[in-house]
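Please look it over with the notes below.

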Amino acid sequence: MNNIDNIAPIISQQPIVLVGMMGSGKSSVGRRLAEALGWDFVDVDDEIIAASQMSIEEYFQTYGEAEFRALERRVLTRLMTEKPCVIATGGGAFISEENRELLLSQSSVVFLDADLETLWARVKDKTHRPLLQTANPKASLTAIYEARLPIYQLAPYHVPSLADQPHEEVVNRIINSLGRA
Ligand code: S3P
């Protein structure tokens with residue numbers, strides 16, 4: 001059976017948007033969720049890279065975070081008008097009130113909830129995240145996590161993303177929670 005049959009009909013007509021911290025698994029889980037549903041997958045950061053012909057790091061350095069957020073918003077706005085797909089957002093996308101209103105009204109928003117130690121284990125050896133290029137990246141991650149957690153919790157669907165949990169399991173949990181809506 002195609003997994004799309006397990007999703008509530010109303011939800012199957014709108015994009016599924018994954019939100020959560022850097023390292024919560026939005027892109028890898030999103031890609032597998034899209035495969036399971038037979039949908040397209042879009043990664044917002046990849047769209048920004050394609051549109052600007054720059055890495056996220058270069059984009060931040062050249063234009064600053066405010067311009068990055070503006071481009072992120074334009075990409076999200078466009079994606080809401082296209083054929084339903086699974087969308088992995090960057091960790092900051094759901095934090096803007098304007099984006100939140102857009103996503104909550106036009107898509108099914110799923111918060112991938114990983115604890116701080118899991119997030120740190122996943123991001124600590126990666127160097128491509130501008131917000132963690134600080135003297136104390138763990139302190140930066142902690143501060144971002146604490147500030148954002150209450151906002152991510154505004155998402156209607158919450159799915160744990162635990163250390164060592166196979167992506168397939170997270171995908172199944174998402175499908176189950178969307179099915180119960
Ligand atoms: C950001 C997360 C990144 C990327 C940018 C900003 C954030 O995406 O969009 O570095 O504000 O948390 P990932 O969550 O995919 O790492």
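The largest cavity has a volume of about 40 Å³. Searching the whole structure turns up one cavity of 30 Å³ or more. The model is predicted.

**Cavity lining**

- By class, the lining of the largest cavity has five polar residues, three nonpolar and one charged.

**Helices α2 and α4**

- Helix α2 spans residues 44–52 and helix α4 spans residues 65–80.
- Their axes come within 10 Å and cross at roughly 110°.
- Angles of 65 to 115 degrees count as roughly perpendicular, so α2 is roughly perpendicular to α4.
- On the α2 side, V44, D45, E47, I48 and S52 make the contact.
- On the α4 side, the contact residues are F68, L71, E72, V75, L76, R78 and L79.
- The contact of α2 with α4 comprises seven nonpolar, four charged and one polar residue.

**Helices α6 and α7**

- Helix α6 covers residues 116–123, and helix α7 covers residues 137–152.
- The axes of α6 and α7 cross at roughly 135° and come within 11 Å.
- That angle makes α6 oblique to α7.
- The crossing of α6 and α7 is right-handed.
- From α6, the contact draws on L116, E117, L119, W120 and V123.
- From α7, P137, K138, L141, T142 and Y145 take part in the contact.
- Seven nonpolar, two charged and one polar residue make up the contact of α6 with α7.

Terms used:
Residues are numbered from 1 along each chain as its sequence is written. This is a predicted model: local features need pLDDT of at least 70, side-chain atom pairs count only at pLDDT 80 or more; totals for chains, interfaces and linings use all residues. Side-chain values use heavy atoms; hydrogens and water are left out. Axes are lines fitted to C-alpha atoms, for helices over the stretch in contact, and angles run from 0 to 180 degrees between N-to-C directions. Helices (H or I, at least four residues) and strands (E, at least two) are DSSP runs, numbered from the N terminus. Angles under 35 degrees count as roughly parallel, over 145 as roughly antiparallel, 65 to 115 as roughly perpendicular and the rest as oblique. Contact means heavy atoms within 4.5 Å. Ala, Val, Leu, Ile, Met, Phe, Trp, Tyr, Cys and Pro count as nonpolar, Asp, Glu, Lys and Arg as charged, and the others, Gly among them, as polar. On a 1 Å grid over the protein atoms alone, a cavity is a set of points where a 1.4 Å probe fits but cannot get out, and a pocket is an open set with protein on both sides within 12 Å along at least five of seven lines; lining residues have an atom within 4 Å of a point. Grid points are joined across faces, edges and corners, and a volume is the space filled by probe spheres set on the points. A crossing is left-handed if the near helix is turned anticlockwise from the far one by less than a right angle, and right-handed if clockwise.
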